[in-house]
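My notes follow the order in which I looked things up.

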Amino acid sequence: MAKKSMIIALIISIIFAGLGLLYTKEYVKGIVIFIVSVIFNLLSMFIHPLISIVSLIVWIYGLYATYKSVKAWNADVIE
């Protein structure tokens, strides 16, 4: 197994919440965060802008989860 790049993981997670988790092969968590983020972004556009606060929290959690996932992935890699 090759090490995963923290920079790549965080950049793609910044662009789309949850995609950094897909990069580290945490498919279920990544897809769930992506879908929840999209839903709250759509709700904030069509219902009320304050809902975007929840979307921001989901996005920040996605970044944190990506960071932890890459750290765990790289710790498991035997050099």
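**Entry 1: the whole chain**

I noted at the outset that I am working with a predicted model. I counted secondary structure and found four helices and zero strands. Along the sequence the order reads α-α-α-α. For the extent of the C-alpha trace, I get about 50 × 20 × 15 Å along the principal axes. Of the 79 residues, 29% count as buried. I also looked at how far apart in sequence the contacting residues lie. Taking contacts between residues at least 6 apart, I find that 55% join residues at least 24 apart.

**Entry 2: helix α4**

I turned to α4, which covers residues 52-76 and has 25 residues. From first C-alpha to last, α4 reaches 36 Å, close to the 36 Å expected at 1.5 Å a residue.

Which residues of α4 are buried? My list is S55, V58, G62, L63, A65, T66, S69, V70, W73 and N74. I kept the helix rule in mind while reading that list: an α-helix has 3.6 residues a turn, so residues three or four places apart point the same way. What covers the buried residues of α4? The cover includes α1 (6-15), α2 (19-23) and α3 (27-46).

**Entry 3: α3 against α4**

I took the α3 and α4 pair next. Their axes are 8 Å apart, and the packing angle is about 160°. Angles over 145 degrees count as roughly antiparallel, so I put α3 and α4 down as roughly antiparallel to each other. Their crossing is left-handed.

Then I wrote out the contact residues. On the α3 side I have K29, I33, V36, S37, F40, N41 and S44. They meet S52, V54, S55, V58, Y61, G62 and A65 of α4.

Leaving aside neighbours within four places in sequence, V58 is in contact with I33, V36 and S37. V58 and I33 also turn up in the largest nonpolar core, which has five residues in all.

**Entry 4: α1 against α4**

I repeated the exercise with α1. The axes of α1 and α4 come within 10 Å and cross at roughly 160°. This pair is therefore roughly antiparallel as well. Is the crossing of α1 and α4 left-handed or right-handed? I have it as right-handed.

From α1, the residues making the contact are M6, A9, L10, S13 and I14. From α4, they are W59, G62, L63, T66, Y67, V70 and K71.

**Entry 5: V70 and T24**

I stayed with V70, which lies in α4. V70 has a relative accessible area of 0%, so I list V70 as buried. Not counting residues up to four places away in sequence, V70 touches K4, S5, M6, A9 and T24.

That sent me to T24, in the loop between α2 and α3. Is T24 buried or exposed? At 3% relative accessibility, T24 counts as buried. With neighbours within four places left aside, T24 is in contact with K4, S69, V70 and W73. I checked the W73 pair by C-alpha separation: T24 and W73 are 49 residues apart along the chain, and 7.1 Å separates them.

**Entry 6: K25**

K25 is also placed in the loop between α2 and α3. As a reminder to myself, most residues other than glycine have a negative phi. At 47% relative accessibility, K25 counts as partly exposed.

**Entry 7: I8**

I finished with I8, found in helix α1. Its relative accessibility is 42%, so I8 counts as partly exposed. I8 and V70, 62 residues apart along the chain, are separated by 10 Å. I8 and I53, 45 residues apart in sequence, are 25 Å apart in space.

How values were computed:
Residues numbered from 1 in each chain as written. Predicted model: local features only at pLDDT ≥ 70, side-chain atom pairs only at ≥ 80, totals over all residues. Heavy atoms only, no water. Core = buried A, V, L, I, M, F, W, Y, C linked by side-chain atoms within 4.5 Å. Buried < 20%, exposed > 50% of the residue type's maximum accessible area, 1.4 Å probe, protein only. Contact = heavy atoms within 4.5 Å. Helix = DSSP H or I, 4+ residues; strand = E, 2+ residues; numbered from the N terminus. Expected span 1.5 Å × (residues − 1). Axes fitted to C-alpha atoms, helices over the stretch in contact; angles between N-to-C directions. Parallel < 35°, antiparallel > 145°, perpendicular 65-115°, else oblique. Left-handed = near helix turned anticlockwise from the far one by under 90°.
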